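Please write a brisk report on the structure shown below. Cover the folds of the chains, the contact between them and the packing of helices.

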Amino acid sequence: MLQTELAAKALSLCSETALSVSQFLGKMGGNHAKGIALARELQARGLLLSTTERRTKGRPQCLLRTSPLGQQFMRDHSRLLNLRLHSNDNDIKRALHHANLALGLVGQQVSPYARFQEVNELARNIAGIT
Amino acid sequence: MLIGGYALPAYGRIRATQDVDIAIAPSFPRVEKLRKRLIERDFQLPASPSEQAPLFVLTDVENKAEIEIWTKPDGVVFDRDLLRKRVRVHPFHDDFEMYAIGPEDFIVNKLSRKDRGVQDEMDVVSVLAHQRGKLDCKYLEKRAKAADVTALLRLLMDKVP
(Lines give C-alpha, C1' and ligand atoms only; values in the text may rest on other atoms or scores of the structure.)
Protein backbone atom coordinates (compact mmCIF):
# COMPACT_ATOMS: atom_id res chain seq x y z
CA MET A 1 0.00 0.00 0.00
CA LEU A 2 1.23 3.48 -0.83
CA GLN A 3 2.21 5.49 2.22
CA THR A 4 0.65 8.84 1.48
CA GLU A 5 2.86 10.93 3.74
CA LEU A 6 6.05 9.53 2.20
CA ALA A 7 4.56 9.79 -1.28
CA ALA A 8 3.66 13.45 -0.72
CA LYS A 9 7.18 14.16 0.57
CA ALA A 10 8.80 12.43 -2.43
CA LEU A 11 6.55 14.22 -4.94
CA SER A 12 7.19 17.54 -3.26
CA LEU A 13 10.98 17.00 -3.55
CA CYS A 14 10.72 16.32 -7.28
CA SER A 15 8.17 18.98 -8.11
CA GLU A 16 10.38 22.09 -8.19
CA THR A 17 13.37 20.63 -10.02
CA ALA A 18 14.07 17.18 -11.36
CA LEU A 19 16.33 15.15 -9.09
CA SER A 20 18.80 12.43 -9.90
CA VAL A 21 18.17 9.15 -8.13
CA SER A 22 21.06 9.75 -5.74
CA GLN A 23 19.83 13.27 -4.94
CA PHE A 24 16.36 11.88 -4.40
CA LEU A 25 17.58 9.17 -2.03
CA GLY A 26 19.77 11.65 -0.17
CA LYS A 27 16.89 14.07 0.38
CA MET A 28 14.43 11.34 1.33
CA GLY A 29 16.85 9.93 3.90
CA GLY A 30 16.41 6.53 5.50
CA ASN A 31 16.79 3.17 3.83
CA HIS A 32 17.88 3.36 0.15
CA ALA A 33 16.08 0.18 -0.85
CA LYS A 34 12.82 1.58 0.52
CA GLY A 35 13.47 4.88 -1.27
CA ILE A 36 13.97 3.07 -4.59
CA ALA A 37 10.85 0.97 -4.00
CA LEU A 38 8.84 4.13 -3.29
CA ALA A 39 10.12 5.83 -6.46
CA ARG A 40 9.19 2.75 -8.49
CA GLU A 41 5.73 2.61 -6.91
CA LEU A 42 5.16 6.30 -7.68
CA GLN A 43 6.26 5.76 -11.27
CA ALA A 44 3.99 2.75 -11.63
CA ARG A 45 1.08 4.91 -10.45
CA GLY A 46 1.96 7.67 -12.90
CA LEU A 47 2.76 10.15 -10.14
CA LEU A 48 6.47 10.38 -10.86
CA LEU A 49 8.16 10.57 -14.25
CA SER A 50 11.59 9.20 -14.95
CA THR A 51 13.60 10.63 -17.83
CA THR A 52 17.10 9.85 -19.00
CA GLU A 53 19.27 12.83 -19.88
CA ARG A 54 22.56 12.55 -21.70
CA ARG A 55 25.48 14.43 -20.20
CA THR A 56 28.71 15.56 -21.79
CA LYS A 57 30.62 13.19 -19.55
CA GLY A 58 29.80 9.85 -18.02
CA ARG A 59 26.67 7.73 -18.15
CA PRO A 60 23.28 9.24 -19.00
CA GLN A 61 21.56 10.47 -15.85
CA CYS A 62 18.15 9.28 -14.71
CA LEU A 63 16.07 12.22 -13.48
CA LEU A 64 12.89 12.02 -11.43
CA ARG A 65 10.21 14.66 -11.93
CA THR A 66 6.68 14.91 -10.49
CA SER A 67 4.04 14.28 -13.16
CA PRO A 68 0.91 16.46 -13.59
CA LEU A 69 -1.02 13.68 -11.84
CA GLY A 70 1.54 13.80 -9.02
CA GLN A 71 1.04 17.58 -8.76
CA GLN A 72 -2.71 16.95 -8.44
CA PHE A 73 -2.00 14.33 -5.75
CA MET A 74 0.09 16.89 -3.84
CA ARG A 75 -2.60 19.56 -4.06
CA ASP A 76 -5.31 17.14 -2.87
CA HIS A 77 -3.08 15.83 -0.09
CA SER A 78 -2.38 19.36 1.11
CA ARG A 79 -6.10 20.26 0.96
CA LEU A 80 -7.00 17.20 3.04
CA LEU A 81 -4.33 18.02 5.60
CA ASN A 82 -5.85 21.47 5.99
CA LEU A 83 -9.31 20.12 6.59
CA ARG A 84 -10.44 19.36 10.08
CA LEU A 85 -10.45 15.72 9.21
CA HIS A 86 -10.47 13.90 12.47
CA SER A 87 -12.72 10.89 12.37
CA ASN A 88 -14.65 10.26 15.51
CA ASP A 89 -16.95 7.58 16.87
CA ASN A 90 -19.83 9.01 14.86
CA ASP A 91 -18.00 8.31 11.60
CA ILE A 92 -17.38 4.72 12.67
CA LYS A 93 -21.05 4.31 13.65
CA ARG A 94 -22.18 5.81 10.34
CA ALA A 95 -19.83 3.57 8.36
CA LEU A 96 -21.26 0.56 10.20
CA HIS A 97 -24.78 1.80 9.48
CA HIS A 98 -24.03 2.08 5.77
CA ALA A 99 -22.37 -1.34 5.75
CA ASN A 100 -25.51 -2.78 7.37
CA LEU A 101 -27.71 -1.04 4.80
CA ALA A 102 -25.61 -2.56 2.02
CA LEU A 103 -25.82 -5.98 3.67
CA GLY A 104 -29.58 -5.57 3.94
CA LEU A 105 -29.77 -4.82 0.22
CA VAL A 106 -27.69 -7.90 -0.60
CA GLY A 107 -29.95 -9.95 1.67
CA GLN A 108 -32.92 -8.76 -0.35
CA GLN A 109 -31.22 -9.51 -3.67
CA VAL A 110 -30.67 -5.82 -4.48
CA SER A 111 -27.26 -4.94 -5.84
CA PRO A 112 -25.63 -2.20 -3.72
CA TYR A 113 -23.92 -1.00 -6.89
CA ALA A 114 -27.24 -0.70 -8.72
CA ARG A 115 -28.61 1.20 -5.71
CA PHE A 116 -25.58 3.47 -5.74
CA GLN A 117 -26.25 4.26 -9.41
CA GLU A 118 -29.89 5.05 -8.58
CA VAL A 119 -29.04 7.41 -5.73
CA ASN A 120 -26.27 8.97 -7.79
CA GLU A 121 -28.81 9.73 -10.52
CA LEU A 122 -31.14 11.29 -7.95
CA ALA A 123 -28.29 13.42 -6.64
CA ARG A 124 -27.43 14.57 -10.16
CA ASN A 125 -31.08 15.41 -10.82
CA ILE A 126 -31.20 17.43 -7.62
CA ALA A 127 -28.05 19.23 -8.73
CA GLY A 128 -29.82 20.01 -11.99
CA ILE A 129 -27.27 18.10 -14.07
CA THR A 130 -28.69 16.18 -17.01
CA MET B 1 -38.47 19.32 2.72
CA LEU B 2 -35.24 17.43 1.95
CA ILE B 3 -32.43 17.92 4.44
CA GLY B 4 -29.10 16.11 4.86
CA GLY B 5 -27.11 14.46 2.11
CA TYR B 6 -29.90 14.53 -0.49
CA ALA B 7 -30.22 18.31 -0.18
CA LEU B 8 -26.48 18.80 -0.65
CA PRO B 9 -26.31 18.54 -4.47
CA ALA B 10 -28.74 21.46 -4.78
CA TYR B 11 -25.93 23.83 -3.83
CA GLY B 12 -22.84 21.81 -2.90
CA ARG B 13 -20.94 18.84 -4.21
CA ILE B 14 -22.68 15.77 -5.59
CA ARG B 15 -22.50 12.99 -3.08
CA ALA B 16 -24.61 9.88 -3.42
CA THR B 17 -26.04 8.71 -0.12
CA GLN B 18 -28.55 6.12 0.98
CA ASP B 19 -29.72 8.24 3.91
CA VAL B 20 -32.95 9.96 3.00
CA ASP B 21 -33.71 12.72 5.52
CA ILE B 22 -36.96 14.64 5.27
CA ALA B 23 -38.04 17.43 7.59
CA ILE B 24 -41.71 18.02 8.29
CA ALA B 25 -43.28 20.62 10.54
CA PRO B 26 -46.66 19.29 11.53
CA SER B 27 -48.42 19.48 14.86
CA PHE B 28 -48.20 16.16 16.68
CA PRO B 29 -51.78 14.98 15.99
CA ARG B 30 -51.01 15.35 12.30
CA VAL B 31 -47.91 13.18 12.72
CA GLU B 32 -50.18 10.45 14.00
CA LYS B 33 -52.41 10.90 10.95
CA LEU B 34 -49.34 10.70 8.75
CA ARG B 35 -48.21 7.53 10.50
CA LYS B 36 -51.56 5.85 9.75
CA ARG B 37 -51.45 6.94 6.10
CA LEU B 38 -47.90 5.62 5.74
CA ILE B 39 -48.83 2.24 7.19
CA GLU B 40 -51.83 2.07 4.83
CA ARG B 41 -49.37 2.57 1.98
CA ASP B 42 -47.20 -0.35 3.15
CA PHE B 43 -44.45 1.67 4.78
CA GLN B 44 -43.10 0.11 7.94
CA LEU B 45 -42.41 2.08 11.09
CA PRO B 46 -40.15 0.14 13.47
CA ALA B 47 -41.19 2.45 16.33
CA SER B 48 -44.14 4.81 16.67
CA PRO B 49 -43.36 8.52 16.43
CA SER B 50 -43.02 10.15 19.82
CA GLU B 51 -43.70 13.79 20.56
CA GLN B 52 -40.34 14.08 22.33
CA ALA B 53 -38.19 12.34 19.72
CA PRO B 54 -36.67 14.54 16.99
CA LEU B 55 -37.32 11.96 14.28
CA PHE B 56 -38.90 8.67 13.35
CA VAL B 57 -37.68 6.12 10.85
CA LEU B 58 -39.79 4.51 8.21
CA THR B 59 -38.95 1.72 5.82
CA ASP B 60 -40.02 1.82 2.22
CA VAL B 61 -40.51 -1.93 1.77
CA GLU B 62 -41.09 -1.74 -1.97
CA ASN B 63 -37.91 0.21 -2.69
CA LYS B 64 -35.98 -1.28 0.22
CA ALA B 65 -34.97 2.10 1.57
CA GLU B 66 -34.91 3.73 5.00
CA ILE B 67 -36.19 7.24 5.42
CA GLU B 68 -35.70 9.44 8.45
CA ILE B 69 -38.56 11.85 9.06
CA TRP B 70 -37.38 14.73 11.21
CA THR B 71 -39.94 16.70 13.19
CA LYS B 72 -37.21 18.51 15.14
CA PRO B 73 -34.10 18.66 12.96
CA ASP B 74 -31.01 19.82 14.88
CA GLY B 75 -30.47 23.57 14.64
CA VAL B 76 -33.44 24.11 12.34
CA VAL B 77 -36.15 26.61 13.24
CA PHE B 78 -39.40 26.21 11.33
CA ASP B 79 -40.28 29.78 10.51
CA ARG B 80 -40.97 32.08 7.54
CA ASP B 81 -37.24 32.59 6.89
CA LEU B 82 -36.66 28.85 6.61
CA LEU B 83 -39.49 28.59 4.08
CA ARG B 84 -38.21 31.63 2.17
CA LYS B 85 -34.72 30.14 1.91
CA ARG B 86 -35.70 26.64 0.77
CA VAL B 87 -35.14 25.72 -2.88
CA ARG B 88 -37.16 23.67 -5.34
CA VAL B 89 -35.58 20.49 -6.69
CA HIS B 90 -36.61 17.81 -9.18
CA PRO B 91 -35.18 14.51 -7.89
CA PHE B 92 -36.65 12.42 -10.70
CA HIS B 93 -35.90 14.85 -13.51
CA ASP B 94 -39.59 15.16 -14.32
CA ASP B 95 -42.47 17.36 -13.15
CA PHE B 96 -42.31 16.04 -9.61
CA GLU B 97 -41.01 18.85 -7.46
CA MET B 98 -40.10 19.08 -3.82
CA TYR B 99 -38.28 21.46 -1.54
CA ALA B 100 -34.75 21.17 -0.22
CA ILE B 101 -33.60 23.10 2.80
CA GLY B 102 -31.78 26.36 1.97
CA PRO B 103 -27.97 26.38 1.99
CA GLU B 104 -27.60 28.46 5.16
CA ASP B 105 -29.98 26.26 7.14
CA PHE B 106 -28.32 23.18 5.64
CA ILE B 107 -25.00 24.33 7.09
CA VAL B 108 -26.41 25.02 10.53
CA ASN B 109 -28.30 21.73 10.56
CA LYS B 110 -25.15 19.78 9.65
CA LEU B 111 -23.05 21.55 12.29
CA SER B 112 -25.70 21.11 14.97
CA ARG B 113 -26.09 17.37 14.55
CA LYS B 114 -25.35 15.49 17.72
CA ASP B 115 -23.87 12.69 15.61
CA ARG B 116 -21.78 15.08 13.51
CA GLY B 117 -18.80 13.51 11.79
CA VAL B 118 -16.13 14.34 9.23
CA GLN B 119 -18.57 13.83 6.37
CA ASP B 120 -20.85 16.55 7.73
CA GLU B 121 -17.98 18.98 8.07
CA MET B 122 -16.81 18.22 4.53
CA ASP B 123 -20.36 18.79 3.28
CA VAL B 124 -20.39 22.19 4.98
CA VAL B 125 -17.02 23.13 3.46
CA SER B 126 -18.38 22.06 0.08
CA VAL B 127 -21.44 24.33 0.39
CA LEU B 128 -19.30 27.23 1.62
CA ALA B 129 -17.02 26.76 -1.42
CA HIS B 130 -19.76 26.28 -4.03
CA GLN B 131 -21.87 29.14 -2.69
CA ARG B 132 -19.05 31.64 -2.22
CA GLY B 133 -20.50 35.11 -2.57
CA LYS B 134 -24.06 33.81 -2.78
CA LEU B 135 -24.78 32.91 0.85
CA ASP B 136 -26.80 35.26 3.02
CA CYS B 137 -24.03 35.74 5.60
CA LYS B 138 -26.12 37.74 8.06
CA TYR B 139 -28.79 35.07 8.07
CA LEU B 140 -26.19 32.30 8.36
CA GLU B 141 -24.55 34.02 11.33
CA LYS B 142 -27.89 34.57 13.02
CA ARG B 143 -28.86 30.92 12.61
CA ALA B 144 -25.41 29.69 13.64
CA LYS B 145 -25.50 31.84 16.76
CA ALA B 146 -28.94 30.55 17.71
CA ALA B 147 -27.70 26.97 17.31
CA ASP B 148 -24.44 27.72 19.14
CA VAL B 149 -22.22 26.59 16.27
CA THR B 150 -20.60 29.93 15.39
CA ALA B 151 -17.09 28.90 16.47
CA LEU B 152 -17.22 25.69 14.44
CA LEU B 153 -18.59 27.54 11.42
CA ARG B 154 -15.74 30.09 11.56
CA LEU B 155 -13.22 27.26 11.82
CA LEU B 156 -14.63 25.56 8.74
CA MET B 157 -14.81 28.85 6.83
CA ASP B 158 -11.03 29.03 7.18
CA LYS B 159 -10.76 25.59 5.57
CA VAL B 160 -12.60 26.55 2.38
CA PRO B 161 -10.15 26.03 -0.49
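In this predicted model, chain B contains 6 helices and 7 strands. Along the sequence they run β-β-α-β-β-β-α-β-β-α-α-α-α. Chain A has 6 helices and 3 strands. Its order is α-β-α-α-β-β-α-α-α.

| Chain | Residues in chain | Buried residues |
|---|---|---|
| Chain B | 161 residues | 32% |
| Chain A | 130 residues | 13% |

Sequence separation of contacts comes next. In chain B, take the contacts with a separation of 6 or more: residues 24 or more positions apart account for 53% of them. In chain A, among contacts between residues at least 6 apart in sequence, 48% join residues at least 24 apart.

**Contact between the chains**

Chain A brings 27 residues to the contact, and chain B brings 28 residues. On the side of chain A that touches chain B, at least two residues come from each of helix 4 (68-82), helix 5 (89-107) and helix 6 (112-127) of chain A. Helix 6 of chain A gives the most to that side, with 10 residues. By class, the side of chain A that touches chain B holds 11 nonpolar, 10 polar and 6 charged residues.

**Helix 6 of chain A**

How far apart are the end C-alpha atoms of helix 6 of chain A? They are 22 Å apart. This agrees with expectation, because 16 residues at 1.5 Å a residue should span 22 Å.

**Helix packing in chain B**

Two packed helices are described by the distance between their axes and the angle between those axes. Helix 3 (residues 103-112) and helix 5 (residues 137-147) of chain B form such a pair. Their axes come within 9 Å and cross at roughly 25 degrees. Angles under 35 degrees count as roughly parallel, so helix 3 of chain B and helix 5 of chain B are roughly parallel to each other. The crossing of helix 3 of chain B past helix 5 of chain B is right-handed.

Which residues meet here? Helix 3 of chain B supplies Glu104(B), Asp105(B), Ile107(B), Val108(B) and Ser112(B). Helix 5 of chain B supplies Tyr139(B), Leu140(B), Arg143(B), Ala144(B) and Ala147(B). By class, this contact between helix 3 of chain B and helix 5 of chain B has 6 nonpolar, 1 polar and 3 charged residues.

Technical notes: Residues are numbered from 1 along each chain as its sequence is written. Chains are lettered from A and ligands numbered from 1 in the order in which they are written. This is a predicted model: local features need pLDDT of at least 70, side-chain atom pairs count only at pLDDT 80 or more; totals for chains, interfaces and linings use all residues. Two residues are in contact if their C-beta atoms, placed from the backbone, lie within 7 Å. Helices (H or I, at least four residues) and strands (E, at least two) are DSSP runs, numbered from the N terminus. Ala, Val, Leu, Ile, Met, Phe, Trp, Tyr, Cys and Pro count as nonpolar, Asp, Glu, Lys and Arg as charged, and the others, Gly among them, as polar. Axes are lines fitted to C-alpha atoms, for helices over the stretch in contact, and angles run from 0 to 180 degrees between N-to-C directions. Angles under 35 degrees count as roughly parallel, over 145 as roughly antiparallel, 65 to 115 as roughly perpendicular and the rest as oblique. A crossing is left-handed if the near helix is turned anticlockwise from the far one by less than a right angle, and right-handed if clockwise. The expected span of a helix is 1.5 Å times one less than its number of residues. A residue is buried if 20 or more other C-beta atoms lie within 10 Å of its own, exposed if 12 or fewer, and partly exposed in between; C-beta atoms are placed from the backbone.
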